[in-house]
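The sequence and structure come first.

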Amino acid sequence: MTTAPTDAHLAALLEKATRAVFTERSGRARAQGERLLLVVENADLGSLREAMRLAPGPGGHCMCAGDLELTISGADICETIGVHHGYTLRWHGPWEWPDVAFAEPERFIRWLADRGYDRYLVERA
């Protein structure tokens, strides 16, 4: 197991992906059932990859369970990643410390907004 988060692990995962699905993960969503927000396939997976570039090393630990859940799947993969406030992600996968920050969180937030999920933009307004 790698001890520090690296962008290369997320890049390798998204390279193998054929689909990425964002669902709402808030307490309200759990009470009402899973709410599908966005399905990403084909060439848009490349733009997701660019938007989700990670800062080097571990990020701070958020105490919440995450706002969004991102499920990345492909022929031989299925990973679930939590997204926290548009700034960090939590992935209990290839590294010891699960939390890592986006290198450019505003880029990720804009990417989501361009596809119809503008919650993070509205929260920052």
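## Fold and overall form

Read from the start of the sequence, the elements of this predicted model follow the order α-β-α-β-α-β-β-β-β-α-α. That pattern comprises five helices and six strands. The radius of gyration is 14 Å, close to the 14 Å that the globule rule gives for 125 residues, so the protein is as compact as a globular protein of that length.

Along the principal axes, the C-alpha trace spans about 35 × 30 × 25 Å. Among contacts between residues at least 6 apart in sequence, 62% join residues at least 24 apart.

## Burial, surface and charge

Of the 125 residues, 43% count as buried. The accessible surface comes to about 6,500 Å², and carbon and sulfur atoms account for 52% of that area.

The protein carries 14 positive and 18 negative side chains. The centres of these two sets lie 3 Å apart.

## Aromatic pairs

A pair of aromatic rings is described by the distance of the centres and the angle of the planes. The structure holds four such pairs. One of them joins Phe22 and Trp111, whose ring centres are 6.2 Å apart and whose planes meet at 45°, so the pair is tilted. Phe22 belongs to strand E1 (residues 19-24) and Trp111 to helix H4 (residues 105-114), so this pair ties together parts that are 89 residues apart in sequence. Both residues are buried: Phe22 has a relative accessibility of 1%, and Trp111 has a relative accessible area of 6%.

Another aromatic pair is formed by Phe102 and Phe108. Its geometry is stacked, with 4.5 Å from centre to centre and 25° between the planes. Phe102 is buried at 4% relative accessible area, and Phe108 is also buried, at 0% relative accessibility. Ring pairs link Phe22, Phe102, Phe108 and Trp111 into a cluster. Thus the cluster includes the tilted pair of Phe22 and Trp111 as well as the stacked pair of Phe102 and Phe108.

## Trp97

Arg53 is 44 residues from Trp97 along the chain. The C-alpha atoms of Trp97 and Arg53 are separated by 17 Å.

Note on methods
Residues are numbered from 1 along each chain as its sequence is written. This is a predicted model: local features need pLDDT of at least 70, side-chain atom pairs count only at pLDDT 80 or more; totals for chains, interfaces and linings use all residues. Side-chain values use heavy atoms; hydrogens and water are left out. Helices (H or I, at least four residues) and strands (E, at least two) are DSSP runs, numbered from the N terminus. The radius of gyration is taken over C-alpha atoms; the globule rule is 2.2 Å times the number of residues to the power 0.38. Buried means under 20% relative accessible area, exposed over 50%, partly exposed in between (1.4 Å probe, protein chains only). Contact means heavy atoms within 4.5 Å. Accessible areas come from the Shrake-Rupley method with a 1.4 Å probe; for residues, only the protein chains shown count as cover. Lys and Arg count as positive and Asp and Glu as negative; His and the chain ends are not counted. The place of a charge is taken as NZ of Lys, CZ of Arg, CG of Asp or CD of Glu. Rings of Phe, Tyr and Trp (its six-membered ring) pair if their centres lie within 6.5 Å; planes under 30 degrees apart count as stacked, over 60 as edge-to-face and the rest as tilted.
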